[in-house]
Amino acid sequence: MPKLSSNNDQKKINLFIDKLWNVLTLLEDRGETIGFFEELLTPTEIRMLAKRLMVASMLTKKSKYSEIQQEVKVTKQTIANISNKLNFKESQIVKILLRLEKVEKEKGSGSISSYTGAQVAKVIRHNKKTG
């Protein structure tokens, strides 16, 4: 991703980041989320985020670095950076990936793209109660 200019006030940056987290929690469904990110990020930035998520997913499934490099086309350094973040206790990425896996199993097709946000939430709530 592009570098931030070095002369930005850290307090302002923290406010900007806080606002970003708040906005992300307000996204209601897949369509709104896609629209938001397509308006905010460049196609390259979206691909970079998607690739990082795929690396995280493959790491949680114990894929080897060489397999990840071949499949996702990222450097060993990128894989190592993501791996280091996943090794912290209670990784949020791992939690979300596990939720996604449950939803995809419930859906049966391996994709939840046709689900609304409410449908995904319903499946997640159901899985929390039963699993």
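Helices (H or I, at least four residues) and strands (E, at least two) are taken here as DSSP runs, numbered from the N terminus. The model is a predicted one, in which local features need pLDDT of at least 70 and side-chain atom pairs count only at pLDDT 80 or more, while totals for chains, interfaces and linings use all residues. Residues are numbered from 1 along each chain as its sequence is written, and side-chain values use heavy atoms, with hydrogens and water left out.

The protein chain contains 7 helices and 0 strands, so that, by the definition of these runs, its elements read α-α-α-α-α-α-α from the N terminus on. Of its 131 residues, 19% count as buried; buried means under 20% relative accessible area, exposed over 50%, and partly exposed in between (1.4 Å probe, protein chains only). The accessible surface of the chain comes to about 10400 Å², of which carbon and sulfur atoms hold 56%. Such areas come from the Shrake-Rupley method with a 1.4 Å probe, and for residues only the protein chains shown count as cover. Among contacts (heavy atoms within 4.5 Å) with a separation of 6 or more, 33% are made by residues 24 or more positions apart.

The interior may be considered next. A nonpolar core is a set of buried Ala, Val, Leu, Ile, Met, Phe, Trp, Tyr and Cys residues joined through side-chain atoms within 4.5 Å. The largest one has 11 residues: Val-55, Ala-56, Met-58, Leu-59, Ile-68, Val-72, Val-74, Ile-79, Ile-82, Leu-86 and Leu-97. Two or more residues of this core come from each of helix 3 (43–60), helix 4 (65–72) and helix 5, and helix 3 gives the most, with 4 residues. Setting aside neighbours within four places in sequence, Val-55 is in contact with Ile-68, Val-72, Val-74, Ile-79 and Ile-82.

Helix 5 (residues 76–86) also holds Ser-83. Ser-83 counts as buried because its relative accessibility is 14%. Beyond its neighbours within four places in sequence, Ser-83 is in contact with Leu-59 and Tyr-65.

On the surface, Ile-17, Leu-20, Trp-21 and Leu-40 form a nonpolar patch with about 370 Å² of accessible area together. Patches are made of residues with over 30% relative accessible area and no salt bridge, like charges being joined within 9 Å and nonpolar side chains (Val, Leu, Ile, Met, Phe, Trp, Tyr) within 5 Å. A salt bridge is a side-chain nitrogen of Lys or Arg within 4 Å of a carboxyl oxygen of Asp or Glu. Helix 1 (residues 10–26) supplies the largest share of the patch, 3 residues. Ile-17 lies in helix 1 and, at 35% relative accessibility, counts as partly exposed.
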